[in-house]
Amino acid sequence: MIEWDDKYSVGLSIIDDDHKKLIGILNKAIYAKEHNANSKELREVLKEITDYALKHFKTEETYMIDFNYTGYQDHRKEHRDFFTETIAYHDKLIEGDCQIANEIIEYLKWWLVNHIRVTDKKYVDCFKRNGLK
Ligand code: FEO
């Protein structure tokens, strides 16, 4: 299981709270894999990931637009790539590939390191300058 750690913090409580939820969903995926979850159970985890992403990405992108964040387009592209990945996982699940839990877990771990700890941190100065705490 993955524990929340300050290294994941961007220093903005509304964003950190969302990212903590993602770690919770990642842990559900890990649990599902360890308990040999079936296709239906894995689809439920995938739906939770998609629902989370829709809401969280909208939150970030709304701030980016409101604050005229210059990195908005590049950031938005990474968010769209995330959806492309989750759709591909869903298609594999439909095809009966229940080993997909491994890929989902590895992708979410990659996302924590490469998106949350790198890309998300780039907007922090801009968001703080605009009064977000
Ligand atoms: Fe926290 Fe850009 O996702």
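**View 1. Seven residues, Phe57, Phe82, Phe83, Tyr89, Tyr107, Trp110 and Trp111, form one aromatic cluster.** The model is predicted: local features need pLDDT of at least 70, side-chain atom pairs count only at pLDDT 80 or more, and totals for chains, interfaces and linings use all residues. Residues are numbered from 1 along each chain as its sequence is written, and side-chain values use heavy atoms, without hydrogens or water. Rings of Phe, Tyr and Trp (its six-membered ring) pair if their centres lie within 6.5 Å; planes under 30 degrees apart are stacked, over 60 edge-to-face, the rest tilted. The count by this rule is 16 aromatic pairs.

**View 2. Tyrosine 69 pairs with phenylalanine 127.** The ring centres are 6.5 Å apart and the planes stand at 75 degrees, so the pair is edge-to-face. Tyrosine 69 sits in the loop between helix H2 (39-66) and helix H3 (72-94). Phenylalanine 127 belongs to helix H5 (residues 124-129), 58 residues apart from its partner. Helices are DSSP runs (H or I, at least four residues), numbered from the N terminus. Tyrosine 69 is buried at 12% relative accessibility, and phenylalanine 127 is buried at 0%. Buried means under 20% relative accessible area (1.4 Å probe, protein chains only).

**View 3. Helix H1 (residues 13-34) packs with H2.** The angle is about 165 degrees and the axes are 10 Å apart. H1 is therefore roughly antiparallel to H2 (angles over 145 degrees). Axes are lines fitted to C-alpha atoms over the stretch in contact, and angles run from 0 to 180 degrees between N-to-C directions. Contacting residues (heavy atoms within 4.5 Å) include Leu22 and Ile25 in H1 and Ile49 and Tyr52 in H2.

Terms used
Helix = DSSP H or I, 4+ residues; strand = E, 2+ residues; numbered from the N terminus. Buried < 20%, exposed > 50% of the residue type's maximum accessible area, 1.4 Å probe, protein only. Parallel < 35°, antiparallel > 145°, perpendicular 65-115°, else oblique.
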